[in-house]
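These notes are meant to be read beside the coordinates.

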Amino acid sequence: MPQTAAFIGGIQKMVLYETRARYFLVGNNQAETKHRVLKIDRTEPKDLVIIDDKHVYNQQEVRELLSRLDLGNRTKMGQKGSSGLSKSVIAFGIVGFVRFLEGYYIVLITKRRVMADIGGHYIYKIEDTTMIYIPNDSVRVTHPDEARYVRIFQNVDLSSNFYFSYSYDLSHSLQCNLTLLQRPYEQWLSEASSAEDKVHTQSKQDSFDIFEEEGLPTQVVYGLRNQPYYKYVWNGKLLERVKDTVHPDWLMYIIHGFCGQSKLLIYGRPVHITLIARRSSRFAGTRFLKRGANCEGDVANEVETEQIVHDASVTSFTAGSYSSYVQVRGSVPLYWSQDISTMMPKPPIRLDQADPYAHVAGLHFDQMLQRFGSPIIILNLVKKREKRKHEKILSEDLYPAVVNLNQFLPPEHCIEYIAWDMARYTKSKLCNVLDRLNMIAENVVKRTGFFINRSDFYCHTLRPDDRWGDVGGHMTSNGRLQTGVLRTNCVDCLDRTNTAQFMVGKCALAYQLYALGMIDKPKLQFDTDCVRLFEELYEDHGDTLSLQYGGSQLVHRVKTYRKIAPWTQHSKDIMQTLSRYYSNAFSDADRQDAINLFLQVYQPSEGKAHLWELPTDFYLHQKSTLILPHDRRSYTMWWTQGILSYLPVPYDEAACEDTMKKVKVKRVNRFEESIDIYTEFYKPYELTLFDDTFSIIMSNAARELMPKYVGVDPSPFTVRKPEETGKSVLGKSNKEEAVLQRKTAASAPPPPSEEAISTTSEDDSEEDRDDEGSVSQRSTPIKLLIESGESSRTQEEIQPQQTVKEPYGLHLSELPAEKDVLIYKRFAHLGENQHMVERSERINLAKIIYLEPVSQFPEDSIYGVCPPQVDRDSREVFESHVMTGRGHVRVLCREDMLMYREYVKNRYM
């Protein structure tokens, strides 16, 4: 049993009851065994008065409480107004409380959907919300501009890409969450002993124990509740008003970005691949209105992308195998912007403020060192050679800033800078962009390593790989940690960045699968089911982030850079470019106002200029420019004190005093529902259907990508042609067209050597169309002419042959010929005689050929396997299980009585 466990949210469903004077929010856990009540006063016109009833109710007590409230709030006959207690809404979580110019509103989640499952912890997507005005109409003080603020606030669509979890901290990475659980409990002993909560909160007079005569000691587990990383929390300001007055079970933090999960079946073994993107809530906004960085080191369009791979056959964090890899995208950390008043597709880039000492870049990379450790690797994809200076301006200032910061860091922790003009490389007809990206990805993954919570498997010793020994990271007794991160940027951090991140993620995925013992070498090839599934995840991820920041989907995709995109893709790219331009020109300002109001960057009040009256929101995001800083950071020691002593391990994950203060520790019983993830996930107290479970309905490589006929290797790591897959990669139903597209892409000349190409980045959306013509011409398919004789045949004549012959290779309606039957009988007779072996004689394999044993069994061959030895305890458990099925139950032992006592105590008492 683990000695530490994370707390599960104790309130997962709530009902809002309404009276004229109060709102009563009754929340309960998933099993509906524990209830809490929140009282919200409705008589205050502009203040928020919330009373948290600290008592934990059972189901019977809540019913009695609600009946008393209903009886006490009934009005007399003939009096106007509603009578008693009325149910207002059913919800699944509180987004927060917000006030504009009148009273407070409460925002509740009314609909949710499961999006991913990580070790038995469900991740939900918000599907619908409701916004309820708290004060009663009798005390409401109206304001003419209130309705406009409500409309602006609701422009942030909470049903679009907002996620939460009751039991998993989405603001932190998997590495941070699991390393917190893997630390020995002695580190928490000092804090746990001083905690106010004890295991037995009730005295013996208040509780009755039917097993009191047993006198056995209670087993204790240290429950942990970590403070969220507020940079990626989007409702932190909305909950700030109540977080110190209500129980932590009421607080639920949401993130914005992307979450997707797919199942990879490796010969029946389920492996879940999860992609989580966390968008920063600081300096957040739309494409042309938020560029560069603010004075606190927060950059625009900053997104942390984490790919998680785990063996889904074991759901426990402590017993299962989990691996993750994190990378970051974000705008160039300088003071720069683009003037959009000219209505140009590509507004000129201008540097707003000189920063000779790289102060703002130092603040940004200081945040990254704290969260990710070292090394920080920058992959800069902006252009280097241009007829008119545009993107090159950013490279000319970023590189000197990195050089200036590196001169004060120790050499082993310096920031690494890689500049590569991806756009210029793409225009060349002889170059392969993805080959070059694959080389960069290999070097990056070997420098940073990745996280896995298991040490090396025995298969790595049997089948060693030279590249495995070069993988970096920090080795621990429980596995390895990722130290450092790759930071990718172009101008918009959309199209080029997403392709580069996909190639790095593909390389990391190969190492993750190899570390989990799924493949024999850390390398994955294109046109396999695994990579196609991963590519679909990354394209959905890129489209979602591009819609949030740029207003349209991706313009250039992985297929575009592979030069196998269908001929219709060129026209789609033009439409996406026009959609992005329209969104940036006409709707981005309204979206920016909504984001500023939702994140409480701007808080309306009387006597203050309205949000729509501000000429710019610059001073809302640059707060420190209004005051003179008292403690200006040193230009030489630009990092936070104490970080260097823990590098390359991230400071936020080190067991130091600052991080210990962010974790609340509580001693609980091992059978306590608040830490029991088994009951939370499997729900043994209710009837469920397999068809309704998330693991069945999630996207599946075996169901969607594997061939639909026999005779093909079902491995997801086998290279397949487009016509062999059940789900066409190119999105075409015509097989002949898919074959021709593959041939035209394969007919391209091989890429030249590295020295023959100048390595210098593309514009994400408005790329020069002159050089793209060659790409579209090469990928344009040629229509095949069908003979007139074949075209005259009806569809009804062709369909029966396709449905029978395609999967089986022959017509099943025809009986096999006598000659074929005779050949098969001879073959079967030959096989019987060849493999006929006497069971009594022992085969000596050493006389035949020397075989190196790879199994732990003493005898292992095609003729027989010696079964492993089973100890006495295991045999008794199995025999007891069989006898119980026949109706013969054995006598319960002392340990069974203890377990049953704890179950009854927690469930019913």
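How do the axes of α8 and helix α10 (residues 495-515) cross? They come within 9 Å and cross at roughly 55°. The points below start from this pair; the model is a predicted one, in which local features need pLDDT of at least 70 and side-chain atom pairs count only at pLDDT 80 or more, while totals for chains, interfaces and linings use all residues. Residues are numbered from 1 along each chain as its sequence is written, and side-chain values use heavy atoms, with hydrogens and water left out.

1. The crossing angle of roughly 55° between α8 and α10 makes α8 oblique to α10, where oblique covers what remains after roughly parallel (under 35 degrees), roughly antiparallel (over 145) and roughly perpendicular (65 to 115) are set aside. The axes are lines fitted to C-alpha atoms, for helices over the stretch in contact, and the angles run from 0 to 180 degrees between N-to-C directions. The crossing of α8 and α10 is right-handed, a term used if the near helix is turned clockwise from the far one by less than a right angle, left-handed being the anticlockwise case. Helices here are DSSP runs of H or I with at least four residues, and strands are runs of E with at least two, numbered from the N terminus.

2. On the α8 side the contact (heavy atoms within 4.5 Å) involves Leu434, Leu437, Asn438, Ala441, Glu442, Val445 and Lys446, which meet Thr499, Ala500, Met503, Val504, Lys506, Cys507, Ala508 and Tyr511 of α10. By class, the residues of this contact divide into 10 nonpolar, two polar and three charged; Ala, Val, Leu, Ile, Met, Phe, Trp, Tyr, Cys and Pro count as nonpolar, Asp, Glu, Lys and Arg as charged, and the others, Gly among them, as polar.

3. Leucine 437, found in helix α8 (residues 433-448), counts as buried at 2% relative accessibility, the limits being under 20% relative accessible area for buried, over 50% for exposed and partly exposed in between, with a 1.4 Å probe and protein chains only. Leaving aside neighbours within four places in sequence, leucine 437 is in contact with Trp420, Met422, Thr499, Ala500 and Met503. The C-alpha atoms of leucine 437 and methionine 422 are separated by 9.2 Å, although these residues are 15 apart along the chain.

4. α10 also packs against helix α11 (residues 529-549), the two axes coming within 10 Å and crossing at roughly 140°, which makes α10 oblique to α11. α10 passes α11 in a right-handed crossing. The contact is made by Asn498, Gln501, Phe502, Gly505, Lys506, Leu509 and Leu513 of α10, together with Cys530, Val531, Phe534, Glu535, Tyr538, His541 and Gly542 of α11. This contact has seven nonpolar, five polar and two charged residues.

5. Helix α5 (residues 359-372) has 14 residues and reaches 20 Å from its first C-alpha to its last, close to the 20 Å expected at 1.5 Å a residue, the expected span being 1.5 Å times one less than the number of residues. α5 is mostly covered, with 12 of its 14 residues buried, among them His364, Asp366 and Arg371. What covers these buried residues includes β14 (303-311), β15 (322-329), β18 (376-380), α6 (392-406) and β23 (485-489).

6. Alanine 358, in the loop between β17 (349-351) and α5, has a phi near 55°, a positive value in a residue other than glycine, and counts as buried at 2% relative accessibility. α5 is followed by glycine 373, whose phi is positive, near 80°. The peptide bond from serine 374 to proline 375 is cis, with omega near 10°, and proline 375 lies in the loop between α5 and β18.

7. Lysine 231, in the loop between β11 (220-226) and β12 (255-266), is buried, with a relative accessible area of 3%. Not counting residues up to four places away in sequence, lysine 231 touches Arg279, Ser280, Ser281, Arg282, Asp298, Glu302 and Gln367; of these, Gln367 is one of the buried residues of α5. The C-alpha atoms of lysine 231 and arginine 282, 51 residues apart along the chain, are separated by 6.4 Å.
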